[in-house]
Amino acid sequence: KTFLQARHSAVRIVTLEEPEVRDMVRFSALDLGLEPWEWSATYGLRRMGLGPAEGVKGTENPAAALHWLLANLAAPSMVVMLDLADHLGDARVLRATRELAEHFRMGPEAGDGTGRKVLVLLDSKEEVPASVGFLTARYDISAPDDEELEEVVRRAVKKMAQSGPVRAALSKRDLRSLVENLRGLTRRHAEQVVMAAMVEDRALTAEDLPRVID
């Protein structure tokens, strides 16, 4: 959110943690008063709010989606394009991407923020044409900090509890030790480690710390 407040109009994020980053970006858009949109090759363009998504028919093709956005997007918005890097070898898609990014940057309302629009390219691969790299500001997703890792632990316990009772009995000291040993993992891998520690006895206690360390 802080990065977006620096007035970037085109942002590129490369990550394997797509679901987590999609949520982060969507809620950042809502916090900033931007209408969140999302595109993928499977379902096309969708307007993503807190309620059901609203789709735009005939936009599964990336060039069609980009042209639709150029012609129709009016409200202050953030558009997240998923795996667009895979399609940038197509000259039409590349051209449409450049035109949309430039349109967002040079829009008549871009300066005062009242009609601001942001393009976010969310990919799992690094390679994009140089022209796209030049137009976008790169944002790198950092590893989760201790506070977020604590939330990952709580989320893992809740997920395990969906299939039956779970005994979670960690002191503050034990929880701190658990979090320290999860440092450096991705959010998903940290959750998997915690889930694995609970599988056999459906409990998360100090006795599970050696297994987590292993």
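Reader: Which residues are linked in a network of salt bridges?

Author: Quick caveat before the names: this is a predicted model, where local features need pLDDT of at least 70 and side-chain atom pairs count only at pLDDT 80 or more, while totals for chains, interfaces and linings use all residues. Residues are numbered from 1 along each chain as its sequence is written, and side-chain values use heavy atoms, with hydrogens and water left out. A salt bridge here is a side-chain nitrogen of Lys or Arg within 4 Å of a carboxyl oxygen of Asp or Glu. The residues linked into a network by such bridges are Glu18, Arg22, Glu38 and Arg46.

Reader: How many salt bridges does the count come to?

Author: The network of Glu18, Arg22, Glu38 and Arg46 is part of the picture, and so is the pair Arg47 and Glu35. By the 4 Å rule, the count comes to 20 salt bridges.

Reader: Where does Lys1 sit, and where is Asp31?

Author: These two form a salt bridge, with the closest N and O atoms 4.0 Å apart. The pair links distant parts of the chain, 30 residues apart. Helices (H or I, at least four residues) and strands (E, at least two) are DSSP runs numbered from the N terminus. On that naming, Lys1 is in the segment before strand S1 (10–14), and Asp31 is in helix H1 (residues 18–31).

Reader: Is Asp31 buried or exposed?

Author: The cut-offs are under 20% relative accessible area for buried, over 50% for exposed, and partly exposed in between (1.4 Å probe, protein chains only). Asp31 has 54%, so Asp31 is exposed.

Reader: Which strands hold Arg47 and Glu35?

Author: Their side chains meet in a salt bridge at 3.7 Å, N to O. Both ends are partly exposed, Arg47 at 28% relative accessibility and Glu35 at 25%. The pair ties together parts twelve residues apart in sequence, because Arg47 lies in strand S3 (residues 44–47) and Glu35 in strand S2 (residues 35–40).

Reader: Which helix holds both Glu150 and Arg154?

Author: Here the closest N and O atoms are 3.3 Å apart, giving a salt bridge. Glu150 is partly exposed at 27%, and Arg154 is partly exposed at 41%. They are four residues apart, about one turn of the helix, and that helix is H5 (residues 146–161).

Reader: Which residues does Leu84 touch?

Author: Contact means heavy atoms within 4.5 Å. Leaving out residues up to four places away in sequence, Leu84 touches Trp39, Pro62, Val93, Thr97, Leu121 and Asp123.

Reader: Now the serines. Is Ser9 buried or exposed?

Author: Ser9 is placed in the segment before S1. Relative accessibility is 15%, so Ser9 counts as buried.

Reader: And which residues does Ser28 touch?

Author: Ser28 is found in helix H1, and a relative accessible area of 10% makes this residue buried. Setting aside residues up to four places away in sequence, Ser28 touches Lys1 and Leu4.

Reader: Last one: what percentage of the chain's residues count as buried?

Author: The chain has eight helices and nine strands, and its C-alpha trace spans about 60 × 30 × 30 Å along the principal axes. Among contacts between residues at least 6 apart in sequence, 71% join residues at least 24 apart. Of the 214 residues, the share that counts as buried is 40%.
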